[in-house]
Amino acid sequence: MGDVLAYEAELLGLVREYLDFAEFEETVKVFAKECKIKGKPLPKPAGVSSRDSKALPVQKDLLTAFENGEQKVFFQLWEEHISFSVQDNELVAQKLEFYLHIHFATYLLKHSVGKPEKTELEERISYFKAYLETKGAALSQTTEFLPFYALPFVPNPMVHPSFKELFQDSWTLDLRTRLEKFLSLTLKARQTPRLLTLFKENGQCNKEMLQHLHQQLVESEHRTMTYLKRFNKMQADYHNLIGVTAELVDSLEATVNGKMITPEYLQSVCVRLFSNQMRQSIAHSIDFTRPGTASTMLRASLAPVKTQDVPLLPSLDYEKLKKDLITGNDRLKAFLLQALRWRLTTSYPGEQRDTVLQAYISNDLLDCHSNCQRSVIKLLHSKSEVVRQYVARLINAFASLAEGRVYLSQNPTLLRMLEERLKAEDKDSLTWENVLGALQKFSLSRALQSAMIKDGLIFWLVDVLTDTDCLSDYTLEYSVALLMNLCLRSAGKKMCARIANHVLKVLSDLLGHENHEIQPYVNGTLYSILAIPSVREEARAMGMEEILRCFIKEGNAEMIRQIEFIIKQLNSEEPLNDSVVSDDEEEDEDEE
């Protein structure tokens, strides 16, 4: 109690400051009156008298200039009264300013009776171009604004599909509302209340930081598994290459002594270098005992460290496990699902992992062969979000392995269940991420591709990709990769043709996304659907070639090469050849 009394005046001042900031005018009066009655010290607020003295007239002048299309007046007031720190550092201000420039650039087209005066229209377009090349350049990599960089170069934007929305009254009205709200907050803003600062520093910020770190951890786990797989493959290729080098050195030594190198020997070396699939069949024909000083030294430098035998993991009571997974409480189910996934993902690649997977499959761990009402796979419909998350993660781990995908595909209802969960879960949940990851891996199978296309998953994916701000890097990459896999099929291309304008707009936005990992998938999808003549016509109508050429100027060599192929496809007159079979009929290599 003594501490409260010591800081009472300061605490009451914090409360008064926040109430005043939030404009609780009546509450402030009652609060001040009660403090006075109780004899509590209440510090006087600083700077209240000048609060609205200047903000209201400036706000009114800005709104008037907005409505009358007075571009120069508006931006002169904007530069004078909106602080540089807000203009340069606040994303909301930057986005609003971009749309304001669009408003003034198109004002004459919207409000002129007949044709607008050419000189004034050109002056406004030039002003907009100058903005794009200076302050507006900061948003050039933002998908939301990328299409508008083509606006100054379109002869008649009023009929252009990408810009029709700009000429609707609702667009202008919405922009005015956003401007009014922004000015009300910015022009009246004072120093941030100390109470709000304390809350941010000690409460909300910590929570957001923890969520951000957790998300980073999940994404790091995905990347680590991928890199580990690449490292193992690279190491195996390195050992093979050194072995071949040693044999070639032996052959050079033999030629010094007059011995000829046979064509059969050269062929065997080439087979080892360029055909992984044939290595095992020719291994017995390689003689590692031939003498040779240089090759002996090379082999000695690469003598593998004797590895310890990887022990097989102890067997499990699968009947009891499955019973507990179906009848146990949610906490037990979550722990068991997590342990089963870790047993698979942390096992050593090779015999140990194969044994774990085969044990799961032979004991029908996920009840893929069962038709009973209560099965492990139906935990996807559990009321517990944690249980749904862990069963989705286990299914995703299964789907990362070719044999696991074959096993899961034997359940005729699993694909539909996953699609339902994808549409029911929150897009920022780990359950959603893992279901999406599993479906993307399922799309390596031609039969499952066909089912997903028939179920209309393409339409759903395009809608999801309309707003990428709410997607993590993982979900964005897997969504675009899944869309590309489905669009490799003729049936998928035809689905896209039904919503051609929507698909093309989403893909053109994704071309400029800051996540460069998705570019090959976006390019692949564009190239595939442009095989449809009606899609090509729609793309030409919306100026797709101009948009693509914007990326050629800034892209790397590979990106430029891909875009040139897309432009060539866009200008092609070839009809769709339904007899061409997609090149994704076979399963890919195992993924982690």
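**View 1. Helix α7 is largely enclosed by the rest of the structure, because 13 of its 15 residues are buried.** Buried means under 20% relative accessible area, with a 1.4 Å probe and protein chains only. Helices are DSSP runs of H or I with at least four residues, numbered from the N terminus. From first C-alpha to last, α7 reaches 21 Å. That is close to the 21 Å expected at 1.5 Å a residue; the expected span is 1.5 Å times one less than the number of residues.

This is a predicted model: local features need pLDDT of at least 70, side-chain atom pairs count only at pLDDT 80 or more, and totals for chains, interfaces and linings use all residues. Residues are numbered from 1 along each chain as its sequence is written, and side-chain values use heavy atoms, leaving out hydrogens and water.

**View 2. F66 and F104 form an edge-to-face aromatic pair.** Rings of Phe, Tyr and Trp (its six-membered ring) pair if their centres lie within 6.5 Å, and planes over 60 degrees apart count as edge-to-face. F66 lies in helix α4 (residues 55-68) and F104 in helix α7 (residues 91-105), so the pair ties together parts 38 residues apart in sequence. F66 counts as buried at 2% relative accessibility. F104 is buried too, at 0%.

**View 3. Ring pairs join F66, F74, F75, W78, F104, Y127 and F182 into a cluster.** The whole structure holds 15 aromatic pairs.

**View 4. Y318 and Y360 also make an edge-to-face pair.** Their centres are 6.2 Å apart, with 75 degrees between the planes. Y318 sits in helix α15 (residues 318-327) and Y360 in helix α17 (residues 351-362), 42 residues apart. Both Y318 and Y360 are buried.

**View 5. The largest nonpolar core has 91 residues.** A nonpolar core is a set of buried Ala, Val, Leu, Ile, Met, Phe, Trp, Tyr and Cys residues joined through side-chain atoms within 4.5 Å. L366, I395, F398, L408 and F442 have the most contacts inside this core. Helix α18 (residues 385-399) gives the most to it, nine residues. Domain 4 (317-455) and domain 5 (461-576) both contribute, so the core lies between them. Domain bounds come from an automatic or database domain assignment. A second, separate core of 40 residues includes F104, L121, F163 and L187.

**View 6. L408 touches L366, C368, I395, F398, A399, L414 and F442.** Residues up to four places away in sequence are not counted. Contact means heavy atoms within 4.5 Å.

How values were computed:
Buried means under 20% relative accessible area, exposed over 50%, partly exposed in between (1.4 Å probe, protein chains only). Helices (H or I, at least four residues) and strands (E, at least two) are DSSP runs, numbered from the N terminus. Rings of Phe, Tyr and Trp (its six-membered ring) pair if their centres lie within 6.5 Å; planes under 30 degrees apart count as stacked, over 60 as edge-to-face and the rest as tilted.
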